[in-house]
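The following paragraphs are meant to be read with the sequence and the model side by side. They begin with the chain as a whole and then turn to selected places within it.

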Amino acid sequence: MNIDTNAMIKSILESISQMNHVKPEDIPNIDLYMDQVTTFMDEQLASSKRHADDKILTKTMINNYAKNHLLPSPNKKKYSKEHILMLIFIYYFKSFLSISDIEAILAPITEQYFKKEDSRNLESIYREVFSMEKEQIELILQDLNSKHDAALNTFTDASEDEREYLQLFSFLSLLSFDVYVKKQLIEKIIDQLAE
């Protein structure tokens, strides 16, 4: 097996450092029909797709989110800017949380801040949360480099052919453990919220 791990890590780190969230000013100020919503989300979040033919959101997903109370119902089949902001949160959470966990997190936000005209509304919350993005990306990059370096110090006694894959496996295991622990933490916090 011949994997250029360093080139792969460098490529991944470069793509992470260029990640950007959807800015509220990029969201149309007019209400959108379902097809417009799915097209907008597909265009805005295209860089987060694993495969080119992956769908960011489908009509069925959005309908299910509304049916399961993750997303407030549209107004006359039109979705507002706030709906789009909620869909972005749902999109990020759904990759590692259950629908019921996402509902537990978003229900208080929806109840208190959806369709509010105060200075603290859904858009201001979205801006505040995503304002931490650049700093977090830097920390993530440092953490990935540290984990990669640690993985390169494993299996040093293995043959060259074995070592390359075993070190990659070590790196994947470190990343997986990190995700596992953080997911456990998130679920415990959600369980506390439910109580």
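Two residues are said to be in contact when they have heavy atoms within 4.5 Å. By that criterion, residues 24 or more positions apart account for 68% of the contacts in the protein chain with a separation of 6 or more. This is a predicted model, in which local features need pLDDT of at least 70 and side-chain atom pairs count only at pLDDT 80 or more, while totals for chains, interfaces and linings use all residues. Residues are numbered from 1 along each chain as its sequence is written, and side-chain values use heavy atoms, with hydrogens and water left out.

The protein chain has 8 helices and 2 strands. Here helices (H or I, at least four residues) and strands (E, at least two) are DSSP runs, numbered from the N terminus. Along the sequence these elements follow the pattern α-β-α-α-β-α-α-α-α-α. Taken along the principal axes, the C-alpha atoms of the chain fill a box of roughly 65 × 40 × 30 Å. The chain exposes about 12700 Å², and carbon and sulfur atoms supply 53% of this area; accessible areas come from the Shrake-Rupley method with a 1.4 Å probe, and for residues only the protein chains shown count as cover. Of the 195 residues in the protein chain, 31% are buried. A residue is called buried under 20% relative accessible area, exposed over 50%, and partly exposed in between (1.4 Å probe, protein chains only).

Which residues of helix α6 are buried? In this helix, spanning residues 122-130, they are Leu122, Ile125, Tyr126 and Phe130. These residues lie on the same side of α6, because they cover an arc of only 120 degrees around the axis, the arc being that of the directions from the helix axis to the C-beta atoms. In general, an α-helix has 3.6 residues a turn, so residues three or four places apart point the same way. At the start of α6, a side-chain oxygen of Asn121 comes to within 3.1 Å of the backbone nitrogen of Glu123.

Side chains of opposite charge can pair when their charged atoms come close. A salt bridge is counted where a side-chain nitrogen of Lys or Arg is within 4 Å of a carboxyl oxygen of Asp or Glu, and the structure holds 8 of them. One of these joins Glu123 to Lys81, with the closest N and O atoms 3.6 Å apart. Glu123 lies in helix α6 and Lys81 in helix α4, so this pair ties together parts that are 42 residues apart in sequence. Glu123 is partly exposed at a relative accessible area of 23%, whereas Lys81 is buried at 17%.

Leaving aside neighbours within four places in sequence, Lys81 is in contact with Pro24, Glu25, Ile27, Pro28, Asn29 and Glu123. With Asn29, the side chain of Lys81 makes a side-chain polar contact of 3.3 Å. A polar contact is a pair of N or O atoms within 3.5 Å; within protein, one must be able to donate a hydrogen and the other to accept it, and residues adjacent in sequence count only if both atoms are side-chain atoms.

Together with Phe177 and Val181, Tyr180 forms a nonpolar patch on the surface, with about 320 Å² of accessible area in total. Patches are made of residues with over 30% relative accessible area and no salt bridge; like charges are joined within 9 Å, and nonpolar side chains (Val, Leu, Ile, Met, Phe, Trp, Tyr) within 5 Å.

Finally, the loop between α3 (59-67) and β2 (78-79) contains Lys76, and Lys77 is placed in the loop between α3 and β2 as well. Phi of Lys76 is near 55 degrees, a positive value in a residue other than glycine. For Lys77, phi is near 65 degrees, again a positive value in a residue other than glycine. Lys76 is exposed, with a relative accessible area of 73%, and Lys77 counts as exposed at 67%.
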